[in-house]
Amino acid sequence: MSQQISGNNNIPLSEVYWSLVNKADKKFSKIRDLPFYERSRYENYFFKVFKVYTQLWKFQQENRQKLVEAGLKRWEIGEIASRIAQLYYGHYMRTSDAGYLSESYVFYEAILTREYFKDGLFQDLNIANKQLRFLARFLMVCLVLGRREMVHQLVDQFKRLIDECKRTFQETDFKEWKVVAQEIVRFLKSDTAFMNIRPLRYSLVLDPNLDAGTPRASRSLRLTDAILSSYYCNEVKYSELTLDSFRMLQCLEWEPSGSLYQSTGAKMGQNAPVGVARINSQSMNDPTLPPNPRKAVLYRPSITHFLAVLATICEELPSHGILLLYLSASGKIGQISSSPLSARSATSVEENILRDFESHTIKQETEPSLQITPSGQSLRQISEDAVSTPCGLSFGSHGLTGSSYIYPSDLVPFTRKPLFIIIDSDSSTVFKNICGAEKGEPAALLLSPSHTPPLISADFSRQPSGSLFTIFLTSPVQAFCLLSEISASDMETDIFTKAEKLLSSSMNEWASTLATSDTLHPVWSQILKDPFLRRLLLRFIFCRAVLALYTPVFNNKQNQPECCPSLPESLLPTAPAVQSAVFQMANVFGATSKFTIPQDITMLESF
């Protein structure tokens with residue numbers, strides 16, 4: 001029965017409620033598709049829509065029984081909670097504030113434990129889809145939050161629900177959900193427990209204190225913003241988050257320290273009040289930590305969209321800020337992973353058909369030898385030259401140049417602001433052209449090897465574990481193990497811990513060397529006080545040394561990463577202090593045969 005609101009307004013409670021729902025839905029639809037950049041412009045939008053949903057949630061709590069009597073269903077309550085969780089996650093993506101991510105987790109967990117979508121799940125296709133959509137979104141939140149136990153629990157529930165729905169409804173209704181399930185399973189197979197022995201985030205407990213010296217710089221810059229994007233055919237991903245972008249996203253965040261991180265394991269009871277949820281979510285945050293850098297994760301953007309985002313963020317960059325630009329892509333059209341997994345990619349069927357069609361079209365168009373350009377080259381020659389000598393990053397499969405490529409010259413105009421650029425590509429070396437062509441601020445560049453070293457056991461350069469260069473920047477000890485063919489089953493915890501401590505000690509020494517160096521370029525000295533950028537730079541030094549001394553590619557420049565501007569000679573791969581660190585790491589893992597270490601270093605360590 002419909003109840004009346006006391007007072008002057010004799011409006012039924014149900015009408016007030018549905019009016020609030022309609023108002024909230026309209027505001028949600030406006031904010032849902034807003035970009036994750038242009039933060040200041042859309043800040044008020046978030047608070048307005050969140051205010052409406054807070055009012056709606058409170059109203060249904062205070063009048064729950066009366067609304068249920070008026071026809072309110074439990075799945076409708078779950079829908080509101082899901083929208084609020086989406087709002088929190090969306091605002092986390094805009095601000096990188098972990099508090100919003102924690103709040104999103106609390107609401108999603110409440111939906112899970114209270115089973116809002118259980119009633120009518122196998123009678124109504126719409127409710128079944130809502131439950132699957134909720135689980136898929138909750139999976140993403142848990143993945144980013146680092147709640148791996150919950151991720152595996154949700155994956156099992158997700159797969160079981162799909163199978164049950166296929167038996168109850170028409171199987172064709174759930175083909176897309178099956179693809180989503182295959183994506184997350186493939187993602188977890190690639191991002192294994194071995195790759196997550198320790199958090200990728202910056203941990204005050206686990207990461208070394210690298211403030212040993214004061215850099216000789218006229219100013220210090222802080223990482224305030226980052227753009228993360230990758231494009232590879234058949235690359236491992238979940239939803240619109242690729243494996244490489246995910247690792248960089250994690251690497252650029254703070255890990256809650258001590259007991260605060262452990263408190264995230266607490267679960268809410270089914271009947272726990274909202275006040276308890278608020279308290280639990282607040283306990284997930286560490287107030288002693290500085291804010292995370294804001295990040296824009298772009299999934300396969302068009303070049304014009306990418307440049308628009310880059311321009312907008314540069315415009316918003318504060319005077320003390322620096323922008324990190326991470327781009328992972330091939331310099332060749334439609335670069336296909338050589339991993340056996342790629343053939344089984346859940347999303348590869350349509351891409352393979354499209355790629356085959358495009359390859360056939362190009363071949364047919366360039367086959368006639370009479371097609372000559374004004375320069376005297378045949379179109380076939382131009383096509384072969386463009387593929388064999390890439391001059392940029394391919395962010396698409398259409399055409400050899402132009403709208404599908406990011407060129408070094410595309411980034412030069414934005415060097416009016418401080419940029420820290422990481423290029424992970426077989427065409428990374430062409431981006432050295434940015435150095436010396438800047439328009440006001442010298443750029444800092446970390447460039448991956450143009451060729452990856454051969455690995456006997458598997459092609460870890462791209463699959464199944466992602467880019468080896470990116471792994472070195474985010475999980476250096478694991479990258480060393482992959483290169484040395486040390487499997488997770490062979491790994492002992494105490495050996496891994498010893499290796500972590502050894503690397504931390506070496507990085508401390510290198511940090512002191514950088515801070516006191518008279519020859520360190522100002523580009524590097526001005527970022528040394530930023531913990532994230534400093535850690536990336538030190539891990540790059542380790543990566544370069546390891547690949548330089550790796551026996552199968554010893555002294556092969558194509559298999560070594562580069563940086564611009566150059567670093568002091570005391571931290572080059574030829575420096576005894578750097579070589580000694582690599583030898584000690586190899587010695588810990590019993591992998592000295594994999595590396596070519598000068599005799600005087602080995603004798604010194606033995607002595």
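1. Let's begin with α18 (493–516). Its buried residues are Phe496, Ala499, Glu500, Leu502, Leu503, Ser504, Ser506, Met507, Trp510, Ala511, Leu514 and Ala515. Here, buried means under 20% relative accessible area, exposed over 50%, and partly exposed in between (1.4 Å probe, protein chains only). Those buried residues pack against α17, α20 and α21 (576–589), where a contact means heavy atoms within 4.5 Å. Helices (H or I, at least four residues) and strands (E, at least two) are DSSP runs, numbered from the N terminus.

2. Before you go on, some ground rules. This is a predicted model, in which local features need pLDDT of at least 70 and side-chain atom pairs count only at pLDDT 80 or more, while totals for chains, interfaces and linings use all residues. Residues are numbered from 1 along each chain as its sequence is written, and side-chain values use heavy atoms, leaving out hydrogens and water.

3. Now the overall picture. You can find 22 helices and 12 strands in the protein chain. Of its 607 residues, 55% are buried. Take the contacts between residues at least 6 apart in sequence: 76% of them join residues at least 24 apart. The accessible surface is about 26800 Å², with 53% of that belonging to carbon and sulfur atoms; the area comes from the Shrake-Rupley method with a 1.4 Å probe.

4. Does the length of α18 agree or disagree with what a helix of 24 residues should span? It agrees, because at 1.5 Å a residue those 24 residues should span 34 Å and the end C-alpha atoms are 35 Å apart. The expected span is 1.5 Å times one less than the number of residues.

5. Next, the holes. Rolling a probe the size of a water molecule over the atoms shows where empty space is left. How many cavities of 30 Å³ or more are there? The count is seven. A cavity is a set of points on a 1 Å grid where a 1.4 Å probe fits but cannot get out, and lining residues have an atom within 4 Å of a point. A volume is the space filled by probe spheres set on the points.

6. The largest cavity has a volume of about 120 Å³. The elements that give two or more residues to its lining are α17 (476–483), α18 and α20 (531–549). There are 16 lining residues, and Arg198, Asp207, Pro476, Glu500 and Arg539 lie nearest the centre. Our friend α18 gives the largest share of the lining, four residues. Sorted by type, the lining has seven nonpolar, four polar and five charged residues. Nonpolar covers Ala, Val, Leu, Ile, Met, Phe, Trp, Tyr, Cys and Pro; charged covers Asp, Glu, Lys and Arg; the others, Gly among them, are polar.

7. Serine 14 sits in helix α1 (residues 13–32). Is serine 14 buried or exposed? Serine 14 counts as buried, because its relative accessibility is 17%. Glutamine 60 is 46 residues away along the chain, yet the two C-alpha atoms are separated by 9.7 Å. Lysine 66 is 52 residues from serine 14 in sequence, with 8.4 Å between their C-alpha atoms. You'll find lysine 66 in helix α3 (residues 64–69), and its relative accessible area of 41% makes it partly exposed.

8. Serine 229, in strand β2 (residues 222–231), is buried with a relative accessible area of 0%. Beyond neighbours within four places in sequence, serine 229 touches Ser245, Leu298, Pro301, Tyr326, Leu327, Ser328 and Phe395. Valine 309, in helix α12 (residues 303–316), is likewise buried at 0%.

9. Finally, some backbone details to check. Cysteine 564 and proline 565 are joined by a cis peptide bond, with omega about -5 degrees. Proline 565 lies in the loop between β12 (562–564) and α21. Serine 239, in the loop between β3 (237–238) and β4 (241–242), has a positive phi near 55 degrees although it is not glycine. Glutamate 485 has a positive phi too, near 60 degrees, and is found in the loop between α17 and α18. At 27% relative accessibility, glutamate 485 counts as partly exposed.

Methods:
1 Å grid on protein atoms, 1.4 Å probe; cavity = no way out; pocket = protein on both sides within 12 Å on 5 of 7 lines; lining within 4 Å.
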